[in-house]
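Open the model in your viewer and keep the selection panel at hand. The stops below go from one selection to the next.

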Amino acid sequence: MALAETLGRVEADIERGDLGKARDRLLGLLRTYPANLYVRDRLGEVYWRLQYPELAGRYWYLFEPVTPEMERACAAFERKFAADARPMLAEISYRGGIDAIAGSFAERRLRELAAAAGADLRCLEPRTRRRRTEREAVIGGAAFLIIATCMLVFSLVGIVVTLQWLFHAFD
């Protein structure tokens, strides 16, 4: 499903008052589009409406507070971690890459948090699945062939033994 289409469904969910469904859709979008700040903003708004100010602050923390709600939510988020940068950075869990938000308030905020936490900016890069090495692929293929061969041999042995038993049973 495309980003625009899913965001349209999120808006419809919010209008119907189905904030749980809107939250779930936004969390899915955030996994697919980790650098999309609009998705984070909407997620903050949904959590605020669900009356979870710390969670709203988690997603609004990368924005310059422009409303009293955003200020209160970000303050609640900071209080939750006693303004300790390391767990705050981990909880924000931004994985869109610093280059994707270059020049924004979010970039400045993340750089400040990373510096205060003593963290490398690589922690903000997207997580990718580790690809299997050629050696692992060869080992996996060999293991499959060995297991398949054993299953075939045991099946044939089972058939032969069963047939021998049947022939001797009716002698």
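Which helix gives the largest share of the lining of the largest pocket? Select helix α2, residues 19–32: three residues of the lining come from this helix. The model is predicted, and the pocket in question holds about 250 Å³ of space.

Next, show the side chains around the pocket. Its lining has 10 residues, and those nearest the centre are Leu30, Arg31, Pro34, Ser93 and Arg95.

Now select helix α3 (residues 37–49) together with helix α4 (residues 53–60). Their axes lie 8 Å apart, and the two helices pack at an angle of about 170°. The pair is therefore roughly antiparallel. To see the contact, display Arg40, Asp41, Leu43, Gly44, Glu45, Tyr47 and Trp48 on the α3 side. On the α4 side, display Pro53, Leu55, Ala56, Arg58, Tyr59 and Trp60. By class, the residues of this contact are eight nonpolar, four charged and one polar.

Stay on helix α3 for the last stop and pick arginine 42, which is part of this helix. Is arginine 42 buried or exposed? Its relative accessibility is 9%, so arginine 42 counts as buried, the cut-off being under 20%.

Definitions and conventions: Residues are numbered from 1 along each chain as its sequence is written. This is a predicted model: local features need pLDDT of at least 70, side-chain atom pairs count only at pLDDT 80 or more; totals for chains, interfaces and linings use all residues. Side-chain values use heavy atoms; hydrogens and water are left out. On a 1 Å grid over the protein atoms alone, a cavity is a set of points where a 1.4 Å probe fits but cannot get out, and a pocket is an open set with protein on both sides within 12 Å along at least five of seven lines; lining residues have an atom within 4 Å of a point. Grid points are joined across faces, edges and corners, and a volume is the space filled by probe spheres set on the points. Helices (H or I, at least four residues) and strands (E, at least two) are DSSP runs, numbered from the N terminus. Axes are lines fitted to C-alpha atoms, for helices over the stretch in contact, and angles run from 0 to 180 degrees between N-to-C directions. Angles under 35 degrees count as roughly parallel, over 145 as roughly antiparallel, 65 to 115 as roughly perpendicular and the rest as oblique. Contact means heavy atoms within 4.5 Å. Ala, Val, Leu, Ile, Met, Phe, Trp, Tyr, Cys and Pro count as nonpolar, Asp, Glu, Lys and Arg as charged, and the others, Gly among them, as polar. Buried means under 20% relative accessible area, exposed over 50%, partly exposed in between (1.4 Å probe, protein chains only).
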